[in-house]
Amino acid sequence: MITVYGMPTCVDCSYVDAQIEGNEKFHCVDIGAHVKNLKEFLRLRDTSPAFDDAKKNGYAGIPCFVLDGTVTLKPEDVGLKSRPADGSACRIDGTGC
């Protein structure tokens, strides 16, 4: 089971959601749906080195994928495609989430 942390308002997360819809191999956690989900994600973000670049550069680090304790921010690492760059983003500077 691959856990995917994200939010439906994130364009990168929506792109991933469309790819995994109906795929029981993935479990989605909407970090905005409940504070417990947000705390679970923040605990992961605060402790995993996979988020070092995200924290350094001021982005949230979603979508995030967890498989067997391994954390990655790259959809390709779990067999998915990244969203093609089209200028849309949820980061303040317009370069990602």
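The protein chain contains three helices and four strands. Helices (H or I, at least four residues) and strands (E, at least two) are DSSP runs, numbered from the N terminus. Along the sequence they follow the pattern β-α-β-α-α-β-β.

This is a predicted model, in which local features need pLDDT of at least 70 and side-chain atom pairs count only at pLDDT 80 or more, while totals for chains, interfaces and linings use all residues. Residues are numbered from 1 along each chain as its sequence is written, and side-chain values use heavy atoms, with hydrogens and water left out.

Confidence next. The predictor's confidence in each residue, pLDDT, runs from 0 to 100. Its mean over the protein chain is 90, and 88% of the residues reach 70 or more. Strand β1 (residues 2-6) has the highest confidence, at 98. Helix α3 (residues 52-57) has the lowest, at a mean of 93.

Now the packing. The protein chain has 97 residues, and 36% of them count as buried (under 20% relative accessible area; exposed is over 50%, partly exposed in between; 1.4 Å probe, protein chains only). Among contacts (heavy atoms within 4.5 Å) with a separation of 6 or more, 51% join residues 24 or more positions apart.

The structure holds one salt bridge, meaning a side-chain nitrogen of Lys or Arg within 4 Å of a carboxyl oxygen of Asp or Glu. Arg83 pairs with Asp12, and their closest N and O atoms are 2.6 Å apart. Arg83 lies in the segment after β4 (70-72) and Asp12 in helix α1 (residues 11-20), so the pair ties together parts 71 residues apart in sequence. Arg83 and Asp12 are both buried.
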